[in-house]
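Please open the model in your viewer and keep the selection panel at hand.

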Amino acid sequence: MTEQKSTSAPAPYPGIFLTFEGIDGVGKTTQVQLLAKWIREELGREAITTFEPGDTLLGRSIRTLLLNPEPTAAPVSARAEALLYAADRAQHVHEVILPGLKRGAVVISDRYIDSSLAYQAGGRELSSEQILDMSRLATGDVWPVRTYLLDMSVEQSHRRVAQVRGEQPDRLEEESASFHERTRQAFLKLAQKNPERYLVIDATQSIEQIQAQLRDDVRKLVEQ
Ligand code: TYD
């Protein structure tokens, strides 16, 4: 998988950009909210929580096109899908992320470029390089200083999604299980390739244990 930009160069803005990644159901959203609250209360800094896809007005429409398409619409092609995620990201950086960073805020995004690399690359049609090029164009090369990968097995994440929805976990059909497993492995590979940016966290730990790890790391980043 593609090498990404080194984060050793100083960021051209006073804020701190953090992202969370992982397959569905690993508890990103809870951790993002708790971390932001702690940053505001304990570090006395502005913290903005945001997400992809869909945290701008334009993005909300794109999210609907991607995740709740018209039932009669033809399947979205791999290229159109990747470009729609990139368009959402372009608007997200322009409207939310960069203004926050320029103001000196800690901006925390639930998913970013790595989600496109993990979910959209690896199929037969588009390479990691192509997905990365699209995201670079979309973002003007704005990279997080840290990416937290919440990692757990596909089985466990599936059970958790069912639990949150108050449902019995149904059997993961093979196709879906192998898709999620591929995505999980893609994230782990990205983490391996970018050790200076990534922190991999065992998402089977308690909420408090995960928060403690995150807070330790954020404190260091803020004091740097
Ligand atoms: P969402 O309901 O926000 O799920 P989650 O809580 O797991 O983030 O749905 C986002 C879905 O979009 C998720 O399944 C991953 C997918 N996605 C991509 O395929 N590519 C991307 O670039 C992004 C940002 C998300």
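The count of salt bridges comes to 11, a salt bridge being a side-chain nitrogen of Lys or Arg within 4 Å of a carboxyl oxygen of Asp or Glu. The model is predicted, so local features need pLDDT of at least 70 and side-chain atom pairs count only at pLDDT 80 or more, while totals for chains, interfaces and linings use all residues. Residues are numbered from 1 along each chain as its sequence is written, and side-chain values use heavy atoms, leaving out hydrogens and water.

**Charged pairs**

Select aspartate 114 and arginine 197, whose side chains meet in a salt bridge (3.0 Å, N to O). Aspartate 114 belongs to helix H4 (residues 113-119) and arginine 197 to the loop between helix H7 (174-193) and strand S5 (198-202), so this pair ties together parts that are 83 residues apart in sequence. Helices (H or I, at least four residues) and strands (E, at least two) are DSSP runs, numbered from the N terminus. Both aspartate 114 and arginine 197 are buried; buried means under 20% relative accessible area, exposed over 50% and partly exposed in between (1.4 Å probe, protein chains only).

Next, select arginine 184 and aspartate 151, a salt bridge with its closest N and O atoms 2.8 Å apart. This pair links distant parts of the chain, with arginine 184 in helix H7 and aspartate 151 in strand S4 (residues 146-151), 33 residues apart. Arginine 184 is buried at a relative accessible area of 17%, and aspartate 151 is buried at 14%. Then display Glu21, Asp24 and Arg111, which salt bridges with shared partners join into one network.

**Helix H3**

Move to aspartate 88 in helix H3 (residues 78-103). Aspartate 88 is buried yet has no salt bridge; arginine 89, the nearest side chain of opposite charge, is 6.0 Å away. Leaving aside residues up to four places away in sequence, aspartate 88 touches Glu52, Pro53, Gly54, Asp55, Gly59 and Ile62, where contact means heavy atoms within 4.5 Å.

In helix H3, select isoleucine 97 as well. Isoleucine 97 is buried, with a relative accessible area of 0%. With residues up to four places away in sequence not counted, isoleucine 97 touches Phe17, His92, Val107 and Tyr112.

**The whole chain**

Finally, zoom out to the protein chain, which has 8 helices and 5 strands. Its C-alpha trace spans about 50 × 40 × 35 Å along the principal axes. Of the 224 residues in the protein chain, 45% are buried.

Methods. Lys, Arg positive; Asp, Glu negative; His and termini not counted.
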